[in-house]
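Biologist: Hi! Could you walk me through this structure, one piece at a time?
Modeller: Happy to. Have a look at it first.

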Amino acid sequence: MVRTPLIGQPIERIEDLRLLRGKGCYVDDIQRPGLLHAAISRSSIAHGIIKSIDVSAAKEVDGVHLVLTAKDLPQPTPTVPIRLFPNEKMIPLCQPVLAEKKVRYVGEPLAIVIAETPASAEDALELIYADIEQLEAISTTDDNRALLFDNLDTNCGLVYYFKKGDMTGIFESADYTRSEKFHVHRHTGVTMETRGVVSEWDAEKGKITSWGAVKVPFANRRILASLMNLREESVEMIEGDAGGSFGVRGEFFPEDFLVPHCARILNRPVKWIEDRREHLLAVSHARDADCVLEIACRKDGRILGMRADIKTNVGAYFRPTTAITPRNLGQFVLGPYRVPGYEASVSAMHSNKSPSGTYRGPGRYEADFFRERLFDLVAKDLNIDRVEFRRRNLLREDELPCAFPSVEPNPVLTELDSGAYEEVLDICLKEVKWDEKQHLQGQLVDGLYHGLAIACFVEGGAAGPRENAKVVLESDGTVSIYVGSSAVGQGLQTILMQIAADELELPLEKLRLFHGSTTYVKEGFGSFHSRSTVMGGNAIMLAATELKRQILEAAAEIMQCSANEVTYQDGIVIAENGSSVALEAIADRKLSYEASFANTKHTYTYGSHAVHLTVDPETGRVTILDYIAVEDAGRIINPLTLHGQGIGAIVQGLGGTLLENLVYGEDGQMLSASLADYLLPLATDFPNIRSISVELRRSPNHPLGAKGAGEGGTIPAGGLIANAVAAALESLGVQPLQLPLTPDRVWLMIQDAELARSTAAASVA
Amino acid sequence: MVMQVTFNLNGKQVSASVEPRLTLGDCIRHTFAQTGTHIGCEHGVCGACTVIVDGDPVRSCLMLAVQAEGSEVTTVEGLSNDEYLTPLQQSFRTHHALQCGFCTPGFITTAHAFLTKEPDATEERVREVLSGNVCRCTGYLGIVEAVLAAQPAYRK
């Protein structure tokens with residue numbers, strides 16, 4: 001009987017058996033004997049000079065063991081380092097783990113309290129008095145009234161420059177040029193489980209163990225070891241279950257040093273669990289960018305060149321992934337389109353807001369909004385159908401691979417790998433019934449304006465440099481698989497076991513997958529940039545191939561023949577003479593292999609989204625009637641989990657476009673620090689969403705052929721919805737250039753457009 | 001100050017001396033070590049901490065432990081067994097109604113209490129009831145499908 005491959009099957013998740021019974025183990029579920037509890041005192045001032053912090057009364061609270069401010073830390077005060085694309089200019093702009101001389105955002109840690117119970121720790125927080133001399137709070141990207149850092153003469157931390165082709169004369173000689181200014185608001189991942197750390201110091205071994213590591217445990221171990229002045233082997237990070245990451249959670253935060261540091265001082269285990277208000281104040285924020293985008297075209301709509309001047313509001317400090325957003329912004333403005341000449345600068349601007357980091361589709365969501373919105377404006381100017389405009393400019397297959405714009409500083413070379421961009425566009429148009437519905441475009445039906453839009457995108461995945469996997473043939477004939485990838489709720493365990501099962505030709509019951517501790521494999525890189533399936537999967541394939549070779553050798557020895565006279569099939573080694581050996585028979589030989597898969601080329605999932613929506617002119621409310629996403633993920637490992645990623649990503653994109661907004665007042669206070677103010681999508685908001693994955697073009701860059709997926713649903717949502725709202729309200733002259741499109745803002749745009757029309761009419765009269 | 005509280009938790013009488021400010025959610029999780037109930041926001045919006053108190057779904061972050069005196073409290077653990085997934089749990093698995101699993105216990109308790117009372121609800125009604133719980137991963141499609149598909153198991 002031929003074994004049916006598990007890759008490509010909608011295998012029900014292995015993780016679910018625990019999670020559905022409430023048997024997950026999230027960080028707050030960790031209990032240790034003698035556990036103490038931490039609470040963080042945070043700045044209520046956005047920008048100011050610290051005169052003094054009085055913790056004497058807090059120390060007197062019943063049950064309080066320790067209160068630390070920056071003065072009590074090893075000097076110089078440790079700072080949170082950069083994980084991705086570190087640059088020496090960022091070093092003075094990194095965050096001290098406790099504010100030292102200045103505070104730079106509301107929510108910045110000032111002190112840590114350790115007490116017997118969470119309640120007594122919080123009681124003590126009330127008695128900490130910080131005397132802070134207030135400075136002007138900076139909230140936008142063009143404000144230098146006050147400087148965040150003494151060593152800079154503006155609030156610009158770093159500028160990235162991008163270039164592609166030759167720009168000489170392009171704008172001067174083009175038939176048509178247009179420039180437009182856009183803004184994307186600040187929002188972020190908001191995981192359902194808030195952050196948390198449990199740390200325990202083993203004084204005898206001089207070893208620290210931290211639970212609650214998510215996303216990048218190996219990188220965080222390296223960072224913690226260096227900050228605590230320990231060898232990496234003396235730091236263990238244990239993952240447990242993660243209540244969502246989406247990029248924002250799991251990077252190294254100040255608390256990831258403070259909690260283990262206090263555990264070492266007190267020689268007692270310490271737990272810190274972030275509350276929801278702290279989460280909204282102090283987790284990495286995202287988006288928040290201003291862009292002036294210029295385009296030069298021929299009369300027929302063919303793009304000759306684009307220019308972008310982008311300022312992204314990175315908040316108070318550079319943190320581990322802050323550099324990614326400005327870099328992606330500059331590189332992804334072109335999307336899947338042919339743009340012969342391109343020049344851009346992206347400035348990382350500091351402000352008195354929470355430091356920013358990556359969030360699902362970092363920089364790409366923003367870049368796609370700028371580009372797709374501009375394209376619809378250009379198509380209208382040139383009187384070209386918006387679909388036709390995209391067709392004329394989409395890269396054809398014979399133009400791939402296509403290099404991305406160069407980036408400086410910290411250059412990286414990458415290229416769009418493979419894709420049938422126009423084919424997917426056609427599938428999407430057909431699915432949304434584009435032609436049949438064109439008569440509704442801009443029409444007022446029963447008091448609602450109808451609009452349709454389409455957008456194309458590319459999504460990056462499979463960031464390197466490596467991932468490790470170890471396979472071990474256990475004494476009972478089962479195979480254990482250890483990976484350095486980490487699970488953040490995406491179903492990684494099931495996906496990687498499907499890959500392993502096919503490679504080893506074994507049923508899932510014969511396999512066990514282990515991830516989630518920095519002791520399992522030599523090194524690991526974690527879950528970010530849609531990389532785990534590709535990187536972990538390929539590492540498993542390499543390790544399994546070698547294990548099968550070892551198995552053949554061992555079995556051949558038993559059967560007294562040479563390894564090339566035996567074959568491996570479904571967990572049994574068969575010799576040419578018909579004799580066979582099962583895995584159990586060689587299980588005592590301790591066969592194992594650890595492989596490392598390295599890559600330099602990323603994968604680029606691509607696709608198109610279309611939407612049909614209505615706008616209520618009385619309330620400004622946008623209602624989605626049909627949303628369709630079509631994307632080519634190369635090779636689908638598990639259609640069930642991929643579909644889940646697709647739908648989840650779309651709804652996050654729609655939430656970010658229509659509901660979510662991290663609002664700061666002029667004084668730098670955050671005005672949306674509860675879930676009653678920061679609106680997450682609910683079950684009633686977006687019922688009509690469809691996600692279709694196709695397998696048209698595998699990634700040519702690695703054996704598995706899959707492309708990183710899970711962010712594509714989010715990336716085009718902003719531009720797409722804004723274009724559909726513009727189409728719906730065309731007769732009113734509304735052209736949204738800023739997000740979000742919350743009902744109040746859409747309503748205001750309608751009022752403004754009406755006012756502009758009546759003013760124009762009056763001046764004519 | 002401490003107060004004595006006694007209630008029935010998943011079929012067992014439990015009793016503890018607690019501070020009156022202790023929430024039912026923290027009490028279940030930390031005093032009685034039933035960690036299936038998750039605390040997501042502590043201000044009654046996200047629904048992750050939903051437990052069933054005397055038949056009604058309740059936010060255990062908004063109810064004090066001492067208010068549960070004499071009540072019957074059911075958590076996700078009380079709706080589970082080690083041998084098999086219940087029809088509701090299996091339906092969640094089949095329809096991929098969970099990813100990270102953090103909000104899931106709150107959806108299971110909410111859906112169980114709801115399906116017990118209204119096993120014939122329309123999709124619109126299902127969405128309305130579930131809109132009291134936040135899920136950040138799934139976009140709700142699988143959850144709504146799972147709850148609708150579990151209806152037959154709750155019909156008498």
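**A chat about the model**

Modeller: Keep in mind that this is a predicted model. Let's start with two helices of chain A: α8(A) (residues 324-332) and α9(A) (residues 364-381) pack at an angle of about 35°, and their axes are 8 Å apart.

Biologist: Which residues of α8(A) and α9(A) make the contact?
Modeller: From α8(A) there are Asn328(A), Leu329(A) and Phe332(A), and from α9(A) there are Arg364(A), Glu366(A) and Ala367(A). Sorted by class, this contact has three nonpolar, one polar and two charged residues.

Biologist: And what is the handedness of the crossing of α8(A) and α9(A)?
Modeller: The crossing is right-handed.

Biologist: How many of the residues of α8(A) are buried?
Modeller: Nine of the nine are buried, so α8(A) is largely enclosed by the rest of the structure. Arg327(A) and Gln331(A) are among those buried residues.

Biologist: New topic! Where is Asn87(A)?
Modeller: Asn87(A) is in the loop between β3 (64-69) and β4 (102-103) of chain A.

Biologist: Why does Asn87(A) count as partly exposed?
Modeller: Asn87(A) counts as partly exposed because it has 15 C-beta neighbours inside 10 Å. For that label, the number has to fall between the limits of 12 or fewer for exposed and 20 or more for buried.

Biologist: Which residues does Asn87(A) touch, leaving out those up to four places away in sequence?
Modeller: Those are Leu158(A), Pro409(A) and Asn410(A). Asn410(A) is 323 residues from Asn87(A) in sequence, yet their C-alpha atoms are 7.4 Å apart in space.

Biologist: Pro409(A) is on that list. What kind of peptide bond joins Glu408(A) and Pro409(A)?
Modeller: That bond is cis, with omega about -5°. Pro409(A) sits in the loop between β17(A) and β18(A) (415-416). There is also a cis bond from Leu400(A) to Pro401(A), where omega is near -5°. Pro401(A) belongs to the loop between α10 (386-393) and β16 (402-403) of chain A.

Biologist: What about backbone angles, say phi of Lys215(A)?
Modeller: Lys215(A) has a positive phi of about 75°, although it is not a glycine. You'll find Lys215(A) in the loop between β10 (207-211) and α5 of chain A. Ala33(B) is not a glycine either, and its phi is positive at about 55°. Ala33(B) lies in the loop between α1 (24-31) and β3 of chain B.

Biologist: Is Lys215(A) buried or exposed?
Modeller: Lys215(A) is buried, because 25 other C-beta atoms are within 10 Å. Ala33(B) has 9 C-beta neighbours inside 10 Å, so Ala33(B) counts as exposed.

Biologist: Let's go inside. How many residues are in the largest nonpolar core?
Modeller: The largest nonpolar core has 268 residues, and those with the most contacts inside it are Ala38(A), Val113(A), Ile540(A) and Val725(A). Helix α14(A) (residues 532-558) gives the largest share of this core, 13 residues. A second, separate core has 17 residues, including Val5(B) and Cys27(B).

Biologist: Which residues does Val113(A) touch?
Modeller: Leaving out residues up to four places away in sequence, Val113(A) touches, among others, Ala38(A), Ala58(A), Val64(A) and Leu125(A).

Biologist: And how many residues of chain A are in contact with chain B?
Modeller: 44 residues of chain A are in contact with 45 residues of chain B. α15(A) gives the most to chain A's side, with seven residues. Altogether that side divides into 20 nonpolar, 13 polar and 11 charged residues.

Biologist: Last one: which domains is chain B divided into?
Modeller: Chain B has domain 1 (3-79) and domain 2 (87-154). Their C-alpha centres are separated by 21 Å. 18 residues of domain 1 of chain B are in contact with 12 residues of domain 2 of chain B. On the domain 1 side, β3(B) supplies the largest share, three residues.

Conventions
Residues are numbered from 1 along each chain as its sequence is written. Chains are lettered from A and ligands numbered from 1 in the order in which they are written. This is a predicted model: local features need pLDDT of at least 70, side-chain atom pairs count only at pLDDT 80 or more; totals for chains, interfaces and linings use all residues. Axes are lines fitted to C-alpha atoms, for helices over the stretch in contact, and angles run from 0 to 180 degrees between N-to-C directions. Helices (H or I, at least four residues) and strands (E, at least two) are DSSP runs, numbered from the N terminus. A crossing is left-handed if the near helix is turned anticlockwise from the far one by less than a right angle, and right-handed if clockwise. Two residues are in contact if their C-beta atoms, placed from the backbone, lie within 7 Å. Ala, Val, Leu, Ile, Met, Phe, Trp, Tyr, Cys and Pro count as nonpolar, Asp, Glu, Lys and Arg as charged, and the others, Gly among them, as polar. Domain bounds come from an automatic or database domain assignment. A nonpolar core is a set of buried Ala, Val, Leu, Ile, Met, Phe, Trp, Tyr and Cys residues joined through C-beta atoms within 7 Å.
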